[in-house]
Amino acid sequence: MHDPAAYARRLLDRGDIDGALPWLEQAGGAGDAWCVRALAAALRDRGEYERAERWYHVAAERDGGCAFGLATLLEESGDTAGAARWYARGAELGSAECRTNGALLLAAQGRQDEAERRLEEALARGDQTAGHALEAMERFRSFVYEREDMVAEAIAGGDYATALQAVAELGQDVADFRAYPYFQDDAVKLFDKVVDLTDDDRPLVWKGLLLERVDRWDEAHRTLEEAARRFPGRPYAPFTLGVLCRERGLVGEAEHWLRRGAALADASSMWELAGLCLRQSRFAEARDWYAAYGEHAGDNDNRDVEGALERVETLRRTAGAATAADAGRLEGLRAAAEGGNVDAAVELAGLLEEAGRFAEAAHWYGMAAERGDVAAGLALGELLYGRCEAEPRHVVGWFLPAAEAAYERARAASEPDEEDVGLVERVGHLLMIANDAFNAEKWLRRAARLGHGKAAWWCGDRSDEYGDVQEAERMWALAARRGVAWCGWPAGRSMVRRGAYAEAEPLLRLAWDGRHDERPLHEAAYWLGLSLRGQGRLEEAARWLRTAVDVHHHVRSAMGTALFDPRAALAEVLDELQRHEG
């Protein structure tokens, strides 16, 4: 009888994760903490976060490595309270990683003094990672305080240009302000000091931008409104507030502020306003604002006005007749919606959206979604992202309930509905654009397992980065069979390398068929030749390897280099054929 833990280690050393998983489960279930940790890490890399979390829990109470794995998993999923609890437990068990990451989590929560004290304790125990973290904190503290000194000296000397430069630099370091929010209020006070002394609107706008980027939207909104009020003749604040509102899907408010900027002859406001009108099929207004932009744009502005005007005209010609909903019907639906009728709110929102009245449509979709109508939430997300060009990070939450329902339906179905699978992938794509890589991977792997070709392509590449060759090959093969010809090449190549020659052949033929769209896929001829050779079909192998020689210049030019020479493989096959004939 094998020792499950030892056997699992040998399989992992050979890169056989598939083979190791059941042995890791057996040993982990019997109490081997190392196997629990390895199993949970493999599951996490494959996007099976729920299973990974359950396995980490098996040993996290007694093993610092499992406590660390569980804490990082919880932190990335947004459960900071759970993460803090397990970092603390891991630190009690002697995990240096838990001590350091737990302290950094405290810093991210604004508990700077406590964070530094814990990092100093960790450094005293020899944890150099804690020392690096302390150095990073000290560099940022010095950066903020140097800006304060620069402003004080500049103001004392009447050098307001230097004071402005100091706070302009301050607003550029968003990542550190997010990591160490303790310093945010110091920065805010410095912006206020400079604006009071320089009578310049820019420090207030920079302050608003910083607040928005560190997720303090209400304060950012108030700051930018204050800037617009204090400096009514300057367009920077209304333009900035208009863009930020548009990014958040606040269509009506975005238009209000962009009009304020445009009224002050700000060309950038005119351009944004034109796009807002165009997306709502208000073609005449869009045309007028693009034309106005062309009149006010500076010499260094390279936006294509003529192209924009042509696009307006094209869309105007191809657009259907504007919906003219019966006013009485709209009022009846509005009255019912105001009375709490969700179905009326959704119907009203749909009619308003068709009429190009996006701000009103968003209001009623939102009311229905907040009362539990999942389809209304999805319609709102599509409206804000697809038609209003809001930023994914601000609107992806509206997609999630519908996507969860779609995932459950698709997973339970013998043949998943393509629309359900597409919605699951779409959420992953939106999260990726929003720079939420952790949750994006969760959704893209869900979509891949449901059969989405492009999601499987992404997952294959990701697993390859992790060193999980088996999962990478599986995902690439799925992608190739779902229409992504490119993936037939890495999948087939992987199969040839491990001796699965017959399995590789159809995938490599798919890749070869796609060579005209993707020049590197000419390499498929080489691997197809090796696949046929491995199956003992030497004459076919020779024909394909001759083809590989003929097209090898395409491979070299497309890839910049080549790690193989098909002539050597061809010579070996021809030698085998000659010996067979002899």
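1. Where is Asp-199 found? Asp-199 sits in the loop between α12 (184-198) and α13 (202-213). Its phi is near 55 degrees, a positive value in a residue other than glycine. Asp-199 is exposed, at a relative accessible area of 54%. Here buried means under 20% relative accessible area, exposed means over 50%, and partly exposed lies in between (1.4 Å probe, protein chains only).

2. Basis of the values. This is a predicted model, so local features need pLDDT of at least 70 and side-chain atom pairs count only at pLDDT 80 or more, while totals for chains, interfaces and linings use all residues. Residues are numbered from 1 along each chain as its sequence is written, and side-chain values use heavy atoms, with hydrogens and water left out.

3. Overall make-up. The protein has 33 helices and 0 strands. Both are DSSP runs numbered from the N terminus: helices are H or I with at least four residues, strands are E with at least two. Of the 582 residues, 49% are buried. Along the principal axes, the C-alpha atoms fill a box of roughly 95 × 70 × 55 Å. Take contacts (heavy atoms within 4.5 Å). Among those between residues at least 6 apart in sequence, 51% join residues at least 24 apart.

4. Ser-281 belongs to the loop between α17 (267-279) and α18 (283-296). With a relative accessible area of 41%, Ser-281 is partly exposed.

5. Helix packing. Helix α26 (residues 437-449) packs on helix α27 (residues 453-466) at an angle of about 120 degrees, with the axes 8 Å apart. Axes are lines fitted to C-alpha atoms, for helices over the stretch in contact, and angles run from 0 to 180 degrees between N-to-C directions. That makes α26 oblique to α27. The classes are roughly parallel under 35 degrees, roughly antiparallel over 145, roughly perpendicular from 65 to 115, and oblique for the rest.

6. The contact itself. From α26 come Glu-441, Leu-444, Arg-445, Ala-447 and Ala-448. From α27 come Ala-455, Ala-456, Trp-458, Cys-459, Arg-462, Ser-463 and Tyr-466. By class, the contact of α26 with α27 has 8 nonpolar, 1 polar and 3 charged residues. Nonpolar covers Ala, Val, Leu, Ile, Met, Phe, Trp, Tyr, Cys and Pro; charged covers Asp, Glu, Lys and Arg; the others, Gly among them, are polar.

7. Aromatic pairs. Rings of Phe, Tyr and Trp (its six-membered ring) pair if their centres lie within 6.5 Å; planes under 30 degrees apart are stacked, over 60 edge-to-face, and the rest tilted. By this rule the count comes to 14 aromatic pairs. The ring centres of Tyr-49 and Phe-438 are 4.3 Å apart and the planes are at 10 degrees, so this pair is stacked. Tyr-49 lies in helix α4 (residues 49-59) and Phe-438 in helix α26, so the pair ties together parts 389 residues apart in sequence. Tyr-49 is buried at 8% relative accessibility. Phe-438 is buried at 10%.

8. Other aromatics. Trp-486 and Trp-489 form an edge-to-face pair, 5.0 Å centre to centre with 80 degrees between the planes. Trp-486 is partly exposed at 23%, whereas Trp-489 is buried at 5%. One aromatic cluster is formed by Phe-140, Phe-143, Tyr-145, Phe-177, Tyr-180, Tyr-182 and Phe-183.
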